[in-house]
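Please open the model in a viewer and keep a selection panel at hand. The stops below proceed from one selection to the next.

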Amino acid sequence: MQGRQKPYFGILVFPGTNCETDCYHVLKDLLKVECKYIWHKEKKDDDINAIIIPGGFSYGDYLRSGAVAKFSPIMSFVRDFAKNGGPVLGICNGFQILLEENLLPGAMLRNDTLKFICRYINLRVEDNKNPFTGGYDKNEIVRMPIRHNEGNYYIDNKGLEEINKNNQVLLRYCDESGNVNENTNPNGSIENIAGICNIERNVFGLMPHPEACCEELLGSADGLKIFKSIIDFI
Amino acid sequence: MFDVEKDYKKLGLKDNEFLKIEEYLGRKPNYLELSIYSVMWSEHCSYKSSRALLKNFKTTGKYVLQGPGENAGILDIGDDQAIVFKMESHNHPSAVEPYQGAATGIGGIIRDIFAMGARPICSLNSLRFGKLHDDDHQKYLFEMVVKGIGDYGNCMGIPTVGGEVYFDETYKGNCLVNAMSVGLAKKDMLVKSKAFGIGNFVVLIGSSTGRDGIHGATFASDELNEESDARRPSVQVGDPFMEKVVLEVCLELIDKKMILGLQDMGAAGITSSSVEMASKGDVGLDIDVAMVPLREASMVPYEIMISESQERMLALVDPKRLSDVKAVCDKWNINCERIGIVTDSGLYRILKGGELLGEIPVKTLTDDAPIYHHKSEKPKYIDELNKYLLTDADLSDLLNKFSHNEILKKIISSPNICSKKWVWEQYDHMVQTNTALLPGHDSAVIRIKGTSKAIAFSCDGNGRYCYLDPYKGAMIAVAETARNLACCGALPMGLTDCLNYGNPEKPGIFWQFKNSIDGIIKACETLDIPVISGNVSLYNESFGKAVYPTPVIGTAGLIADISNLVGMDFKNNDDIIILIGIENGSVSSVNDGMGGSEFMELFFNKVAGMCPDIDLDYEKSLDGLMIDLIKAGLIKSAHDVSTGGIATAIAESCISGRIGAKINIDLNQKSLLENLYNEKQSRIVVSADSKNLAQIKQKCDESNTGCRQIGLAGGEILSINNEINIEIKEIIKLYDNAIEKIMSK
C-alpha cells in the first residue's frame, strides 16, 4: 500500500470526462476528505492513495467507449498504482476504460435497447469483502441511477465462471425485492452484472453512478457508502 | 456563372434589398459582399420582420443584469451569482435532417450560454411533431430529434431536465425543435461580445472550417417545400466532444482573465459573429480568410465566411495575451488562430493575405438592415372556429360509445398527456448532481450547490389556444409557466421566448404574430416577468400551410430555500386534496374552457371553440399564494390543471405518487365530462395533511383565491364521483408506456 495515512483521492480527467466535479463534490463537500483532479497528460502523482476514473465521454467515445483514453500518459501510472494494491474505482466511462486497459476482465457492448438509458435502478450487493462495498450488507438492495449508452457487460463463459467463482461480481441489477432476472436487466448485461472487481479486489468498475446518489435531495443517498468504504480501507 | 445583378434572388435577397445594398456601397457589390449581405439580412440574422414588435417587451426588472441583445440574458440570483439563459429554434434543419438538426440546435444554444462566461447547468426543450399514429415519418423525426438532443447533451455532461412534447397534425410538415440552455456564473466572470480596443485581435477557437451549413441562415428564413430535401447539405454536423473541449477552454480562458470578449459562432458563421462584435463595439474589423484553419484547402472566401461549421467561438484578445491563449488551447489540443484585428474604420473588410476582397460599412449589415412592417389582417377562420361549441348531444353520444373509465384512460394515454419518460430516459438528466426534482413534475428544479437556493424552470406553449386566439393563447403560455413554477414554490424572475410562426409576409400570419407578442407583453407586465432573451422563427410552413402560431415560453424562478420543495405527487393515505383557484363560477357559459382542449381534439377531432379565458391579476395572486403555502410548509404536493383538465391533473398526481384518491367534484349544473376535461386556467390541485386545512383556507381567503376540498388521497384506486373507478396500477401502466407502445409498433 501507499505510505500515506490520510485519504487523498485523485480524480482523473480526460478530454470529455464530465463527472469529475460530481465526484469531487462528494469527497470534498460531503465527506470532507482531500482530493484533486489529475489531467490525463500527467505521468504520475505521488500524493494520492486512491484513484477515481469518473464517468463521461472520454474523447467523445467515438471509437469505442474508453478505447482512446487508455493511451493517455496517466494510464501507465494507474496500472502501476493498481499493481501495488492501490484502490481504483472506475465509474461508467471509467469502468469502460478499466476494461479497455485490461485491469478488469470482459468487455462492454451497446445497450440491448439501442438507446441511452438514464434512470434509477435497483442493485443487489453480491459481496462486501472488498474496499468498495464493505459498507453494505451482503444482499442489501440499493438504489442508484444508470446513465449510459454502452453498459451491456459481456464476458465469455470461461471468464464468467471465473469471476463468479472468485466473487468478483459485486453488484447485479435487480428489482425492489432483490430478484435478479431478465425483467430487471436494463441493458442486456450478462447475468445482470452491474459491477465487478479484479481478482486482487482493489480495482472496481461499475456502470451505475454512486456519486450521483449521495444526498436524499437527489432521490437516494445509497451511493455514499462506496466512497466511505474506500476511505475506511485507506 | 453567377451574375450579381441577375442572380441575387438565388441568395434570398429581394429587389428592394439589392437596390439598398447598391445605395449603401455606392457601387455594385461583388459576390462575396452580396453573400455577406444575404446572410446578415436574412430573417434569421436580422429579425427584419419582428424587430419593430419585439422592442415593446418589458426587458428590465429587479433581477435583470442583461436583457435581450447579447448571446443570452442574465439574471442576478444573489450571492454574487447569476444565471444565463436563452431559448432558440432549430426547426428547419430538424425537419430535413432531424438528428443533426436537433443536435446542432443544442450545440448552438449551449455556446450562447458559455459565450457569456457561464457554465451550462441544464437544458430544456420544447418539441412538436405531427401525430405519431400510423405515420412512420413522424416517428422517425421524433426518434431522431430525441436522439440528437440526447447524444449532444449527454456527451457534454449537461443534464436535460425538462420541457414539453406535443403532437398535432399542424406540425406534420414542419416540426418545431426549440431548445433552452441555462448557465451559472459568478457575477464578476461574466463576459460580453462587443469588440473594442483598436489593434486587439479577433481569435477563432475550436473546430476547423468546412463546407457544412453554407447558407443555413438563408435556408432557415424560407418555407419548406419539395426542394427542401435538397437543402440537407445546408444542415450542419455536430461534434459534442469538440464542443465540450471548447467549453472547457473558454471557461478556463475567462477564469484566467486572458480574453476581453467572447462570441458564439452560429448562423452565418464567421460573418455574423464578427460583424455583431464589431457593430456592438462601434468599431471596424479586418478579417483575413487566409488565417482560418480549413477542413478543405480548396474552399473559396465566401464559403469560409459563411460556413456554419459547428463548435467554433470568436474571442477578443489583447495582442500581449495571445501566446497565453494559445497555450491553453494547446493543452486541450484545439485550434486557436488570430483571424482578425479591430480597426477604427467602421468598415468590415475581408482580406486574403494582403489582398482586399470586400469592404462593407459595419452598420449597414446590422442596425441599418431593412425593417419590415408587414400588413396585418385578422384571419377569417378565427371567428368561424370560435363559434363552435360541444353540445349536450355530442357529449351524450360520446358516453354511449365509451364509459367514463374508458374516456379517462384514453385521455391519459394520449401522447399529448401521457408520461414523456420515453424521451427523458434518453437524456442524462442527473449529471452535475443538482437535479432536485426528476423530470415529470410541473417544473425542473436545479439546486445551487453551496447555498440553500434552487432555480426552477418551466417551458410551455399551446399552439391550439394561440390558433384560436393568439393574444389570449400567448398570455396563457406565460401564465402557465409562472403557475408551474409556483407549484414548486418558485418566484418567477425572468423568461426567454421562442416564437414560431408561418410566413410573416402573409397578413393573417403577421396578425397572429403581432397579437401573440401583445399577449406576451401584457402577461409579462401584469405578472412582473421581464423578457431577457429570445428567438424568432418565421416561415414555419410546408407546402404553403403554416403551423399553428406557437410561442414557447421558458421561465426561470427562484426558490429561496429548497428544504420545503414539493412535487406533484400525492404522498400519504388520508391527505386531503384541495382545488385552489377558479372552479366553475366566474367563466361565462359561452367560454366553457373546452375550446382547443385535448378532450375536444381527441374525441371530436376538432381544434375549435374559444381559447380559455385568463385573468392575469387573479393568476398573480394565485401564484403568490402557492409560493406562500409551500414556504409555510402547509402542503405536500401541488400540480396545475392544464391540458386534459382536472381529471388529468388528479390522475397525474396519483401516478406520480403511486397512490389512489377518492374525489368528489361539485358538478354545478354541468355534465361530469365538462367538469373533468375543461381547460379553464388558474387552477391548482394540492394535497396536504388534514390538520392544515383551516390554515390553508385562511390563506386562500386572505388572497381572495378560493379553495375547496375535493377528496382524499389513499388506497389503490382512483375514484371520481363514483363514475370513474380505475386501479392505479392500470393507470400507471397506460400513462407510462403509451409512447413506447406507439413507437415500437
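**A tour of the two chains**

Begin in chain B by selecting the open sheet of 6 strands, which has mixed pairing and the order 14-15-16-21-17-18; helices (H or I, at least four residues) and strands (E, at least two) are DSSP runs, numbered from the N terminus, and two strands pair if DSSP finds at least two bridges between them. This is a predicted model, in which local features need pLDDT of at least 70 and side-chain atom pairs count only at pLDDT 80 or more, while totals for chains, interfaces and linings use all residues. Residues are numbered from 1 along each chain as its sequence is written, and chains are lettered from A and ligands numbered from 1 in the order in which they are written.

Contact here requires that the C-beta atoms of two residues, placed from the backbone, lie within 7 Å.

Move to the open sheet with the order 23-25-22-26-24-27-28 in chain B, which has 7 strands and mixed pairing. Its edge strands, strand 23 (637–640) and strand 28 (724–727) of chain B, each pair on one side only. Neighbouring strands of this sheet are turned by 20° against each other on average, direction ignored.

Select strand 22 (residues 576–581) and strand 25 (residues 683–688) of chain B, an antiparallel pair with 6 bridges. Here B:Gly581 has B:Arg683 in strand 25 of chain B as its bridge partner. Helix 24 (residues 645–657) of chain B packs on this sheet, where it touches strand 23, strand 24 (661–663), strand 25 and strand 27 (717–720) of chain B. Its direction makes about 30° with that of strand 25 of chain B.

**Where the chains meet**

Now display both chains. The contact takes 23 residues from chain A and 23 residues from chain B. Which elements of chain A give two or more residues to the side that touches chain B? They are helix 1 (20–30), strand 6 (117–125) and strand 7 (141–148) of chain A. Strand 6 of chain A gives the largest share, 3 residues.

**The whole chains**

Finally, zoom out. Chain B contains 27 helices and 28 strands, and its C-alpha trace spans about 85 × 55 × 45 Å along its principal axes. Chain A contains 5 helices and 11 strands, with a C-alpha trace that spans about 45 × 35 × 35 Å along its principal axes. Among contacts in chain A between residues at least 6 apart in sequence, those that join residues at least 24 apart make up 76%.

Conventions: Axes are lines fitted to C-alpha atoms, for helices over the stretch in contact, and angles run from 0 to 180 degrees between N-to-C directions.
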